[in-house]
Amino acid sequence: RSAVPVKTLPEEDHYMQLNIVPGVKPAHGGQDSTRNFNERARVPSLKTYLAVKSAAAVIARAEDGTPEQLVSFEMNVKAKAEDIRAKTKLYLLPHDHPVMGRGAGQASAEPYRWQAANEVTPSILEASELLTLAESSQDSAYSTNAGFGFNAPAGRYVYVSLEKGLEAFGGYTLENNYEAILQVPSYPHDIEIMQEGSILSLSGSQKLSLHARGTDRLQVEVAQILPSALQHFISQTQGDIRNPSFTHWSFDKEDIAHIDTKDVKMAYASAHASQYSTFDFAPYLKEGRKGIFLLNIRGFKDDKYAGDSSQRFVLVTDLGLLVKRNADQSRDVFLASFRSGAPVAEARVSVLGRNGLEIFKGVSDAQGHILLPDFSGYSRDRYPVAIVAQKGDDYAFIPYDRRDRVLNTSKREVFK
């Protein structure tokens, strides 16, 4: 393989004819070539080499997570974003085609599907709205990619024109106008629980902070796991316990929980504006009910599902559990209060087997500690699935052997 550089590009396109005659000797031995090779290659000019590889209307996230509508360009040569923006015009096309529109009295909920740039005539541009393009954060930098913010109704169509004369790095110029039809993307209907973890302090506010976009109502499904079915919740789910999934289609939260649904109204301002609210667990913790919850939150707009949801397992408790597995397979359990940080003494600690029956029970000492024996010989119905702690009406647990709850601090034996 070899290459011959072209020192300067010509003013006009040229074509290079390459002819290789028989008799070329291989560099690493072998037979000489026996055939003619002929190839014709285009040598672009300074005016014709620069091209727009693609244009798109996309949703991008700002540094604070706010979604923005962007019209983006990918060039084959680096250019300054400020130069591209100066040559770009973006028009919001009419909702209905002025000639091929719907008949009188017909509903026009869906916009006309503009498909080709040659549909856009001067009269259609006059009926269109010229949109403002926001400055790029990298206006003065050379790049093959550039994006500019705009604001338009989701689902509508825009006509984008990049005018000829754009100059790129190296002196290349755009010889012809670039035109395209793009559909405006919808803003994401974000639904998220703002806290990262899965534990709320029983002595705290007992509230979760919620964040959403593009909704006027959140539907919160509260599945309160029954303590008597805790072993099934652990053994029949997989993945991160913060967002578990059931392992079989015929067994779900309906089999192990009391389920309630509550609507949370959201203050809708715009499709991309952030909305905040809270969900209070206090009403679900009365009459000795335990704080083991699986929440599923769905967003709605105008009573239609907005297409996004969020699930989180939440344990409302003041009992913190730390379990240390020893070399002899016994386990040290330490209990501490989230409220005070002090050890929790005289808490009832048990280990549940796969069938829900206790295979061990005991009481924590003054240091909040209890030693669990080795259960490695237990199997089938007596296989350990959960370590449970109770003090008064407070209830907490930790899965006995679940990978996402393990912290490996050392690969070596620790000597006292």
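Asp318 is buried (under 20% relative accessible area; exposed is over 50%, partly exposed in between; 1.4 Å probe, protein chains only), yet has no salt bridge. A salt bridge here is a side-chain nitrogen of Lys or Arg within 4 Å of a carboxyl oxygen of Asp or Glu. The nearest side chain of opposite charge, Arg339, is 4.2 Å away. Lys and Arg count as positive, Asp and Glu as negative; His and the chain ends are not counted. The side chain of Asp318 does reach the backbone nitrogen of Arg339, at 2.9 Å. Beyond its neighbours within four places in sequence, Asp318 is in contact (heavy atoms within 4.5 Å) with residues including Ser201, Ser203, Phe338 and Asp394.

The model is predicted; local features need pLDDT of at least 70 and side-chain atom pairs pLDDT 80 or more, while totals for chains, interfaces and linings use all residues. Residues are numbered from 1 along each chain as its sequence is written, and side-chain values use heavy atoms, without hydrogens and water.

Asp318 sits in the loop between β19 (304-317) and β20. Strands are DSSP runs of E, at least two residues long, and helices are runs of H or I, at least four, both numbered from the N terminus. Strands pair if DSSP finds at least two bridges between them. β20 (residues 319-325) and β21 pair in the antiparallel sense over seven bridges. The two form a hairpin with five residues between them. In its turn, Gln329 has a positive phi of about 75 degrees. Four bridges join β21 to β24 (residues 369-372), also antiparallel. Phe334 of β21 is the bridge partner of Leu322 and stands opposite His369 in β24. Five of the seven residues of β21 (residues 331-337) are buried, so this strand is largely enclosed by the rest of the structure.

The search of the whole structure finds 12 salt bridges. One of them joins Glu135 to Arg85, with the closest N and O atoms 3.6 Å apart. This pair links distant parts of the chain, 50 residues apart: Arg85 is in helix α1 (residues 81-86), Glu135 in the loop between β6 (129-130) and β7 (142-150). Glu135 counts as exposed at 60% relative accessibility. Arg85 is partly exposed, at 25%.

Asp303 and Arg217 also meet in a salt bridge (3.6 Å, N to O). Asp303 lies in the loop between β18 (292-301) and β19, and Arg217 in β13 (residues 217-225), so the pair ties together parts 86 residues apart in sequence. Asp303 is exposed at 64%, whereas Arg217 is buried at 14%.

Notes. A polar contact is a pair of N or O atoms within 3.5 Å; within protein, one must be able to donate a hydrogen and the other to accept it, and residues adjacent in sequence count only if both atoms are side-chain atoms.
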